[in-house]
Amino acid sequence: MGEDIELDKKIFLPMAKAFGLDTRDPHGEELYAYTRNVFRDFKVTEDIDLTDLEPMATSVLPKE
Amino acid sequence: MDSENSCYLSVAELCRLIRKKEVSPVDVVKAHLTRIEAFEPALNSFITLLPEQAMGEAREAEREIQAGQYRGPLHGIPIGLKDVFQVKGVRNTSGSKIFDHFVPDFDSTVALKLKEAGAILLGKLNLNQFSYGTTGENPDYGNMHNPWELDRVTGGSSGGAASATASAQCALAMGTDTGGSIRIPSALCGLVGLKPTYGRLSRYGITPLSWSQDHPGPITRTVEDCALVMNAVAGYDPRDTSSANISISDFTQALTNKIKGLKVGVPKEFFEEPIDSEVEHSVRNAIELLSQLGAEVLEISWPMYHESKAISSTILMAEATTYHSQLMKQHSSNLDPKVRLRLEAGYFISAVDYLQAQRARRLFYQRSCDLFKKVNLLAGPTVPIPACKIGTEEVQIGKTRLGVLPALSQYTRSFNLTGFPTITVPCGFSKNGLPIGFQMAGKPFDEMTVLRAAFAYEQATDWHQRRPMISKQVTPRLYGV
């Protein structure tokens with residue numbers, strides 16, 4: 001969902017239903033607002049150049 | 001010695017007295033249980049109390065010590081565990097009524113190690129539900145209260161661990177830290193809190209929040225106590241897939257009080273963030289003191305620091321939602337509404353988002369490790385504000401208005417992403433008498449340098465010797481003090 005930073009409500013609602021979430025208001029509206037904010041926060045990571053980088057796994061810290 | 005003074009003895013002082021048989025574990029545990037009885041209605045540090053079990057263990061400890069079977073510095077010491085460390089036969093709620101009757105049939109590795117060291121468990125400590133919060137507020141088991149001012153938050157998620165240790169309801173506590181949950185409450189309650197290197201302490205038997213960022217660690221009143229606890233709980237555990245098979249030092253050997261020549265990097269990005277002026281003043285004074293003690297202080301830049309918080313949140317939210325997905329299908333309406341929102345929002349993070357975040361994490365980790373080619377430590381504030389009032393949703397810091405969760409974890413989250421060992425120590429008080437914390441981090445598995453610097457700083461100050469005046473804040477008629 002990273003590209004859809006604004007997260008249109010028309011996209012949000014069917015997705016939320018597909019995830020089995022309660023979309024009735026006021027909870028649905030609250031969740032929509034919260035999720036939009038989360039996406040907005042993620043935007044800062046979009047410009048990082050990740051060329052040639054593999055994902056970090058859980059047990060990767062260097063050992064002795 | 002009166003009861004209050006005996007409960008405020010450090011673990012190091014208490015263990016010397018117990019070893020020399022000048023103090024009995026039975027009397028020590030009794031004094032702490034009396035204190036719990038007096039202050040627990042005001043503090044709400046515990047979810048489950050174990051007075052009878054604790055007294056039984058204290059009598060056993062006394063018998064062993066009298067028979068010459070002294071186990072070491074934690075023998076007979078009263079402790080608390082955040083209610084996510086599973087203990088055989090003791091209910092483990094993780095801060096949710098959904099698990100009000102869940103009783104594990106095995107010990108978490110940390111609980112087992114503490115038991116083997118002879119520590120006496122007084123009870124299981126309150127927390128933000130599932131460790132998913134930074135304030136110490138819990139609608140199921142009640143809010144935790146800051147001993148320095150009872151209408152203030154303790155910080156979280158290990159809020160009960162901090163309030164119990166700061167109020168001397170226990171001598172030490174164990175917490176967990178996924179985005180600051182040891183360091184935030186330790187800073188807001190005037191304590192020492194260590195998030196050891198990821199992999200240094202076993203996560204086995206601890207309710208997860210975010211597998212790749214969860215760190216168990218001690219909350220204590222002094223740095224020496226922190227080192228003593230680390231000696232008991234650190235080490236490889238094959239039952240934890242991320243446990244590091246790496247040699248362990250005697251952590252007390254770090255307490256040399258010598259930091260001459262130590263290079264301390266202060267990321268300039270820390271002071272570009274919104275920060276309360278009193279906190280900034282105290283932290284800058286602490287950095288200056290390190291310099292006076294012989295450290296070489298350098299201003300540095302921490303690449304990707306600002307982005308690291310979003311990377312950390314992406315990973316945390318995806319992992320937390322994955323872990324709790326079955327629970328959410330059946331119990332979503334029984335969750336703390338704030339926790340429910342965070343967990344449900346996690347569904348919208350795609351596999352691509354998560355993996356991109358893990359790629360960005362690798363880059364951040366590499367760049368952060370590079371900093372240690374120039375410096376031995378990173379230093380800065382732990383939390384940008386003193387404890388806010390319970391129920392606060394947003395805080396104003398200078399011209400910036402922030403949600404309380406991101407505000408309190410502003411300086412701590414990046415260290416969960418890297419796994420670096422990070423300690424907070426008290427470095428001052430606000431005009432209102434609320435504690436302020438100072439954070440130092442080292443390279444992976446270099447807890448020794450972190451403890452060395454923290455100890456030298458602590459020994460040059462007296463912040464850790466102050467005590468909250470709880471009895472002046474509660475009604476003696478109600479609490480009998």
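Helices (H or I, at least four residues) and strands (E, at least two) are DSSP runs, numbered from the N terminus. In soluble globular proteins, nonpolar side chains tend to be buried together.

The model is predicted, so that local features need pLDDT of at least 70 and side-chain atom pairs count only at pLDDT 80 or more, while totals for chains, interfaces and linings use all residues. Residues are numbered from 1 along each chain as its sequence is written, and chains are lettered from A and ligands numbered from 1 in the order in which they are written.

Two residues are in contact if their C-beta atoms, placed from the backbone, lie within 7 Å.

Chain B contains 16 helices and 13 strands, and 60% of its 481 residues count as buried. Along the principal axes, the C-alpha trace of chain B spans about 60 × 55 × 45 Å. The radius of gyration of chain B is 21 Å, which agrees with the value near 23 Å that a compact globule of 481 residues would have; this radius is taken over C-alpha atoms, and the globule rule is 2.2 Å times the number of residues to the power 0.38. Among the contacts in chain B with a separation of 6 or more, 78% join residues 24 or more positions apart. Chain A, by comparison, has two helices and zero strands, and buried residues make up 17% of its 64 residues.

The contact between the chains takes 40 residues from chain B and 28 residues from chain A. On the side of chain B that touches chain A, the elements giving two or more residues are α10 (305-331), α11 (337-345) and α12 (351-371) of chain B, and α12(B) gives the most, with twelve residues. The residues of this side of chain B divide into 18 nonpolar, 15 polar and seven charged, where Ala, Val, Leu, Ile, Met, Phe, Trp, Tyr, Cys and Pro count as nonpolar, Asp, Glu, Lys and Arg as charged, and the others, Gly among them, as polar.

Two of these helices also pack against each other, with the axes of α10(B) and α11(B) coming within 8 Å and crossing at roughly 110°. Axes are lines fitted to C-alpha atoms, for helices over the stretch in contact, and angles run from 0 to 180 degrees between N-to-C directions. The helices α10(B) and α11(B) are therefore roughly perpendicular to each other, since angles under 35 degrees count as roughly parallel, over 145 as roughly antiparallel, 65 to 115 as roughly perpendicular and the rest as oblique. In this packing, B:Met317, B:Ala320, B:Thr321, B:His324 and B:Met328 of α10(B) meet B:Arg342, B:Leu343 and B:Ala345 of α11(B), and the residues of the contact divide into five nonpolar, two polar and one charged.

Some backbone features were also examined. Most residues other than glycine have a negative phi, and most peptide bonds are trans. In chain A, the peptide bond from A:Asp25 to A:Pro26 is cis, with omega near 10°, and A:Pro26 is placed in the loop between α1 (9-18) and α2 (27-42) of chain A. In chain B, the bond from B:Gly156 to B:Ser157 is cis, with omega near 10°, and B:Ser157 lies in the loop between β3 (120-125) and α6 (159-166). The loop between β3 and α6 of chain B also holds B:Ser131, which has a positive phi of about 65° although it is not a glycine, and B:Ser131 is buried, with 29 other C-beta atoms within 10 Å.

Key. A residue is buried if 20 or more other C-beta atoms lie within 10 Å of its own, exposed if 12 or fewer, and partly exposed in between; C-beta atoms are placed from the backbone.
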